Amino acid sequence: MSSISIDETTRDPAFPGVFLRMDSIEKSFPGVKALQGVSFSVARGEVHGLVGENGAGKSTLMKVLAGAYHANGGQMELNGEIITAPTPAAMIERGVAVIYQEFAQADHLSVAENIFMNRLPRNQFGQINWAVAARDAETAMSRLGFNIDPRRTVGSLSVAQRQMVEIARASSRNAQLIVLDEPSAVLGDNELEKLFATIRSLQAEGVAFIYISHRLKEIFELCQRATVLRDGRMVSSRPIEEWTPDTLIQSMVGRPIADYFPKRNAQPGEEVLGVSGFSRGKALRNVSLTLRRGEIVGICGLAGAGRSELLRAIVGRDPVDAGEISLHGRKQDIASPRKAIQLGLGFAPEDRKTEGLFLSQSVKFNVTISKLGRFGSPAKLNLGKERGAVRDYVRQLRVKTPEVDTKIGTLSGGNQQKCVIAKQLNAQCDILLIDEPTRGVDVGARREIYELLVDLVEREGLAVLMVSSELPEIIGMCDRILVMREGEISAELPRGSSEEEIMKHATFH
Amino acid sequence: MAAPDRMTETAGRKFFIGLPRGAGLVWVLIGLCILATFLSPSFLNPVNVTNVLRQVALFGIVSVGMTFVILTKGIDLSVGSILGVCSVTTALLLVAGWTMPAVVAAVLVIGVLMGAVNGLGITLGGIPPFIMTLGMMVMGRGLALTLANGQPVSIGGRAAEFMWLGRGAALGLPVPVWIFAIVAGVAIYVLRYTTYGRQIYAVGSNAEAAHLSGINVGLVTFSVYMISGFLASLTALIFVSRLTVGEPTAGTGIELEAIAITVIGGTSLFGGEGGILGTIIGAGILAILANIMNLLGISPFTQQIVKGAIIIGAALYEMLGKRRSRH
Amino acid sequence: MKKRDFLKSALMAGAAVMLATQVMAQDKIKIGFSQGTMNHPWRVAMVEGNKAYAAENLPDVKLIVTDGQNESSKQVTDVESLMAQGIKVLMISPLTADALTPVVADAMAAGIKVVSLDRKVNTDVTVHVGAENTPIGVAAGKFIAEKLNGTGKVIELQGTGGASVTTDRHDGFTAALEGTNVEIVAAQNCDFLRENAVKFMEDQLQRFGPGQIQAVYAHNDEMALGAIQALEAVGRLDEVIVVGIDGQNTAFDAIKEGKMAATFVYPYVAPEGMEIAYKVAKGEAVDPIIILPGKQVDASNVDEMLGKGF
């Protein structure tokens, strides 16, 4: 466990001083030590990456920084001042702004109102001066390199734009330290570039950033230093030049990652799924593909390219205007998810929590719900048999859960995802369509899921069609890569293609 | 892992499945019984016990239907009015000379049909359950009053064998109690051991995920309203038998009682959580409470205040439980 | 655990108190009084009057009162509950005759003496006490026919549907109007409640324009006062005579002010109800039907009645 010393931060003249210093921060909850002796510092004008697996303590640390949690030990120093009574209001006043994944925005109010919430300019009678508000809003936004009509309601903006409004809000309050929690999770690549530009322009003015992300590529691109948390402790905090992706992951996970993606022995068999001519307006334009047994085929592209739409159309969730599907060589009409399940199509949707899981129900319920017929007649379920089968899956897939009766909402992302896959196996699928297989899954569990998928295609003879926004994942896992662009498949690339090549086909020429 | 893992919630322990709050409710019930015994010597009087059981049954049957509906994240405000329409129809048909089996069959069908109208409005029409059943509640009451011409319909001394339904007894327990026992038993079985029962929980827990899991969400939703209507009409038959009149105002307010019973019993208004065992206990709690207060001579107005406080208390308890488990 | 101990001692204390009071009450005569509803001052007067009489004069009686809250199924449950508490005599003012008949029959069969107050049931009881409603209806009909010189249109505001009171007051009234040219052009069950009467009258006054209605016959004063309210609102009170029944003080005042034409005192069976129930409990012989006298009150004799009602 290394800790940062003052010399290292003040070494570089570009960083004229430390803005935030967190020293031996401790935070406990009943029965759990969330943070133990965490120390790190952030200098002015620095973008500092904060990485760690889910549950490592990043959110807790940021909540302590924001004044939402009171640390049980250690101290915080802002601009040389030791903070004795941290409250959200006190921290905001001292220039700390946290932008969470779920924005705290008033959807029905305008951009200007959101930027200046509670601080709208007023005239001498106390009335709000809308003209000044609009002008100030425009100034705030252009400083950051973007502009949106300040009178538009926030609810009408895209997620990326809303994020910009949040940053404008922070900046207009003269935030000196802005924390971004997984900002890229909801952005496409174009938008990401814009975000980076905004961050850099603020950085030039001396604003510091803490950038939390699972996407290591961004950390390396944007940050000057990075701190790794693991199990509530700070593992290492170093300048970015002293990290490599491997050593970073290794610190996060605690063991050497020799091969991140499992070795693959692809032996594709006969065609199991054939899609031809799928079309629906602008979302899907004459999409055709084939999938063979024993294959993992990936679908990638920019947000909005039609990847998830394609999967949903295949499983009958959304209709198509034209096109055909054949399974095992026979033409099928898949009119509903029910039919898809009957025909052996398994589907793990993009948003696990809202589409894939019954969060308030048990693991057992979730795994068996799409095919209860295996456990007796519809009017007489054999609960013992069901329990046994689910236990088997839990064991087989190494799902970490105390019992099969545990509420699935309490499981970690990785374990939840394993349950989603177990659900498809229980439904006896032989073709698995999976949308973002490792979204919201921490690094250690990702490897397990990759191994699971490879195991399913190599040993159980399944076929996997996978949509992912993470190019390393697509490149590392798939036998063939289908790149989508604006509703079409713009290219089919072989295994081992480079990210540049993929992006080339994903964007406009 | 730094995440708190002692806070895992069990979605249903072995014996008390359907009581998400664990055995807490049962203790409340037992506690109430003990309290009642101390407060009034008449409480354990066999006649009084029978009365209480009868009250549990009368409200319990409708509450079972309400539980099914609430489990799917819906609500049925029209059960009282369905009860009214069916009460009047029962009396009118008996007066017209129909035989008892025919009357029973016809009235049950009417209950199912009215429930089906609710179901259609909600599934095909996309109308929120609150609004649809509210409309049916108002319409139904008007229909009952129209059919009865504003007056209670007396069946006089006709159909003596019909009296057995509401006023008869078997093996020492009133018939309505047996009917409730059967209804509750079937309901518990369905929710626990059938695919349909699982589907109900799935639809209430996450309708989109249920759809993707191959469940016909519309059909499941439609069906629970039919069940609710059916049980309301069954209760109407018992009511008429008990009073020898079909009153168009019968069942006024029973929907709120049924909702209170269901919610106190631990079924969540947000769907997907709860069950019949909780509803039975909820009915027991409210019935004993009313009985104690009657025996103590507490004014019915005060009783209403107490009942309202219990409902709010039960809801608070559930909210606090949820909040605790989130950290 | 602290909570459990506190609960235990509270239970113990409560039990001790209760046992003590029960022991003291052991030798009292239990009499149950099932009232149909308390949504009207007349019914409140009935309950309070009987309760007061018992409290003052009958120390050996434990009177248990229940309120059916205007629902017959609740009143049936109330009677069952009273029976379970071992009452000797049941005083009952039933909401409707039919709905309460079976349970009253049960009580009689179980050896409980039943005294019905004001409204009747369709089965034998030990004693029925009340005023006769049919003669009152007849008197009201005669009064209106006279005032209208034998010709005119009347609106009838009726009481709770299915109650013997309502039926009798209606039948008596219509009987008295036979042979005259006075006709009832509209009638509605307003449940003896003022607000129902107001609503109904407002609509009828739109339906029948000025000069088309000459009289209003309300089955009770509350509804009569509601009719007056509606008539005053459109300024048509002087062309319509309003007759009520009950003998409320507010009705007397209205007669004195010239707003109401007449009312018929209808005794609210207190303290007579309690007196007779007590006699029955003691096993004394009592007439099976006891009729309480009523009285017509109009402008000519209202002065002596002011404040003497309820």
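Q: Before we dig in, what counts as a contact between two residues here?
A: Two residues are in contact if their C-beta atoms, placed from the backbone, lie within 7 Å. One thing to keep in mind is that this is a predicted model.

Q: Thanks! Then which residues does A:Val464 touch, leaving out those up to four places away in sequence?
A: A:Val464 touches A:Ile296, A:Leu432, A:Ile434, A:Leu453, A:Leu456 and A:Val457.

Q: And which residues have the most contacts inside the largest nonpolar core?
A: A:Val464 is one of them, along with A:Ile431, A:Leu433, A:Met466, C:Leu90 and C:Val115. That core has 221 residues.

Q: Which element gives the largest share of this core?
A: That would be α10(B), with 15 residues. There is also a second, separate core of 68 residues, and A:Leu61, A:Ile199, A:Ile210 and A:Tyr211 are among its members.

Q: Let's look at the chains. Which pair shares the most contacts?
A: Chains A and B do, out of two pairs of chains in contact. Chain A and chain C do not touch, and their nearest C-alpha atoms are 20 Å apart.

Q: How many residues are in contact between chains B and C?
A: On the chain B side there are 26 residues, and they meet 27 residues of chain C. The elements of chain B that give two or more residues to this side are α1 (24-39), α2 (46-71), α10 (217-243) and α12 (276-295). Of these, α2(B) gives the most, with four residues.

Q: What's the make-up of that side by residue class?
A: The chain B side that touches chain C has 12 nonpolar, 11 polar and three charged residues.

Q: Switching to chain A: how many helices and strands does it have?
A: Chain A has 18 helices and 22 strands. Its C-alpha atoms fill a box of roughly 75 × 50 × 45 Å along the principal axes.

Q: How does its radius of gyration fit with a compact globule?
A: It agrees: a compact globule of 509 residues would have a radius of gyration near 23 Å, and chain A has 25 Å. As for burial, 47% of the residues of chain A count as buried.

Q: What share of its contacts joins residues 24 or more positions apart?
A: Such pairs account for 67% of the contacts in chain A with a separation of 6 or more.

Q: Why is helix α10 of chain A described as largely enclosed?
A: Eight of the eight residues of α10(A), residues 307-314, are buried, so the helix is largely enclosed by the rest of the structure. A:Arg307, A:Glu309 and A:Arg312 are among those buried residues. Just after the helix, A:Gly316 takes a positive phi of about 80°.

Q: Where in chain A is the pLDDT below 50?
A: Chain A averages a pLDDT of 86, with 93% of the residues scoring at least 70. The pLDDT is below 50 over residues 1-15, and that stretch has 19 contacts in the model beyond near neighbours in sequence.

Q: And where is confidence lowest and highest in chain C?
A: In chain C the lowest confidence is in helix α1 (residues 2-25), at a mean of 57, while strand β8 (residues 215-218) is highest at 96. The model scores ipTM 0.87 and pTM 0.73.

Q: Last one: what are the domains of chain C?
A: The domain assignment gives domain 1 (2-130 + 268-292) and domain 2 (133-266 + 298-305). Their C-alpha centres lie 33 Å apart, and each domain gives 11 residues to the contact.

Notes
Residues are numbered from 1 along each chain as its sequence is written. Chains are lettered from A and ligands numbered from 1 in the order in which they are written. This is a predicted model: local features need pLDDT of at least 70, side-chain atom pairs count only at pLDDT 80 or more; totals for chains, interfaces and linings use all residues. A residue is buried if 20 or more other C-beta atoms lie within 10 Å of its own, exposed if 12 or fewer, and partly exposed in between; C-beta atoms are placed from the backbone. Ala, Val, Leu, Ile, Met, Phe, Trp, Tyr, Cys and Pro count as nonpolar, Asp, Glu, Lys and Arg as charged, and the others, Gly among them, as polar. The radius of gyration is taken over C-alpha atoms; the globule rule is 2.2 Å times the number of residues to the power 0.38. pLDDT is the predictor's confidence in each residue, from 0 to 100. A nonpolar core is a set of buried Ala, Val, Leu, Ile, Met, Phe, Trp, Tyr and Cys residues joined through C-beta atoms within 7 Å. Domain bounds come from an automatic or database domain assignment.
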